[in-house]
Amino acid sequence: MLALNSTSLDLIHFDAAIVDLDGTMVDTLGDFAESLNRMLRDLDLPPVAPAAIERMVGKGSEHLIHSALVHVMTPVGAVDVEARAQALFERAWDRYQHHYLAINGQHSALYPGVIEGLNALRARGLRLACLTNKPTSFARPLLAAKGLDGFFELVFGGDAFERKKPDPLPLLKTCEALGTMPARTLMVGDSSNDARAARAAGCPVVLVTYGYNHGEPVRGVDADGFVDSLADL
């Protein structure tokens, strides 16, 4: 294990770090809830609770929207819920984009220790990239709104490559763009998506103990270490 809790990582072994966004640097559950529920209201559907949304986060906006549609339609006994959700998806996606861009960052907050952690990584000379399954058009404004954009040389969203995490392709492409070897590029995330992508790409991976891991205990994930705060890095 590279680290447990507040034990310091030996960052001399790394040339760069790839950092996830939602659930790792910013608690965006409030943004998701507000945008989804405005979208659902536009579609004349009932709202979804934040606790349910938390289990849907991490696999991209398309998955989030589809999951929310299925969730709110299932309790009312709808027939062919998956098909109905797919039929509504294009309209839902349009309304979700509209609402998310309007409120992006207004119902979210930085996790404690994020600024300190990013400063520590940069102080060790690591190059930084942000890699998220969130659409790039959502990610860049959020980073700017939270004062994080200046830390990252590169920002890649879920629409930047042909596949999203947990596929290793986004990590491999990010390493390529950074000009670093995967074995010397640390992945910092909050979920099994980040860990699985890192393992397949050959990147060491550390997970935060908070965030969104699909409702599962994060310490059960195969990772090289866990930290309670990015400041612990």
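This is a predicted model: local features need pLDDT of at least 70, side-chain atom pairs count only at pLDDT 80 or more; totals for chains, interfaces and linings use all residues.
D44 sits in the loop between helix 1 (29-42) and helix 2 (50-56). Colour the two helices to see what lies on either side of that loop. Now check the backbone. Phi of D44 is positive, at about 60°, although D44 is not a glycine. Is D44 buried or exposed? D44 is exposed, because its relative accessible area is 72% and the cut-off for exposed is over 50%.

Next, select K165 and P166. Look at the peptide bond that runs from K165 to P166. This bond is cis, and its omega is near 20°. Where is P166? P166 belongs to the loop between strand 6 (154-156) and helix 7 (169-178).

Move on to S192. Select helix 8, which covers residues 192-201, and S192 is part of it. S192 is buried, because its relative accessible area is 18% and buried means under 20%.

H214 lies in the loop between strand 8 (205-208) and strand 9 (225-227). So where does the contact lead? Phi of H214 is near 60°, a positive value, and H214 is a residue other than glycine.

D44 has a positive phi of about 60°, and H214 has a positive phi near 60°.

Definitions and conventions: Residues are numbered from 1 along each chain as its sequence is written. Side-chain values use heavy atoms; hydrogens and water are left out. Helices (H or I, at least four residues) and strands (E, at least two) are DSSP runs, numbered from the N terminus. Buried means under 20% relative accessible area, exposed over 50%, partly exposed in between (1.4 Å probe, protein chains only).
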